[in-house]
Amino acid sequence: MSVLGPSFAKQVKASRTLYNMLKPVSDAYAHIAGYRQYGLKYDDILIEENKPVQKALSRLTERESYDRAFRLRLASMCSIAHAPLPQKDWVPKEADTRYLKPIVESIEKELDERAYWDTVVPTKKAHH
């Protein structure tokens, strides 16, 4: 299982009816979660205490890493003040992109492949 958790995104996007039913629920959930009101993107709140996410963070570009650190500091300051950002400074849902997810998925594939090759048992072919 992925450290990103289970995802039914492909199945939901494949069904227009299901997508139209769940999209408002998804938008409402993101709003209620409140992370955008503190200037954060979804990937900023991923649990960092696992190997794939830590590796993914180390593979971010310098700019992405700086932007992430800035968002986390800003959210910390808002938390200390017990107040979200002014609404004009909230992260719009269009800007809430999954910048870390593709890197984490790539790292998980690498780790799976490494585990597979680490457990391969070589066998001798019989000669005729």
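The tour below starts with a pocket and then turns to charged residues.

Keep in mind that this is a predicted model. Its largest pocket has a volume of about 1400 Å³. In total, 29 residues line this pocket, and S7, A9, S26, R98 and K101 lie nearest its centre. Helix 1 (9-14), helix 2 and helix 5 (101-118) each give two or more residues to the lining, and helix 2 provides the largest share, with seven. Sorted by class, the lining holds 11 nonpolar, five polar and 13 charged residues.

Now for the charges. Side chains of opposite charge can pair when their charged atoms come close. The count of salt bridges here comes to 11. One of them joins D96 and R36, whose closest N and O atoms are 3.0 Å apart. D96 sits in the loop between helix 4 (62-81) and helix 5, and R36 in the loop between helix 2 and helix 3, so this pair ties together parts that are 60 residues apart in sequence. D96 is buried, at 13% relative accessible area, and R36 is buried too, at 17%.

D43 and R98 also meet in a salt bridge, at 2.5 Å from N to O. This pair links parts of the chain 55 residues apart. D43 is buried, with a relative accessible area of 0%, whereas R98 is partly exposed, at 32%.

Key
Residues numbered from 1 in each chain as written. Predicted model: local features only at pLDDT ≥ 70, side-chain atom pairs only at ≥ 80, totals over all residues. Heavy atoms only, no water. 1 Å grid on protein atoms, 1.4 Å probe; cavity = no way out; pocket = protein on both sides within 12 Å on 5 of 7 lines; lining within 4 Å. Points joined across faces, edges and corners; volume = space filled by probe spheres on them. Helix = DSSP H or I, 4+ residues; strand = E, 2+ residues; numbered from the N terminus. Nonpolar A, V, L, I, M, F, W, Y, C, P; charged D, E, K, R; others polar. Salt bridge = Lys/Arg side-chain N within 4 Å of Asp/Glu carboxyl O. Buried < 20%, exposed > 50% of the residue type's maximum accessible area, 1.4 Å probe, protein only.
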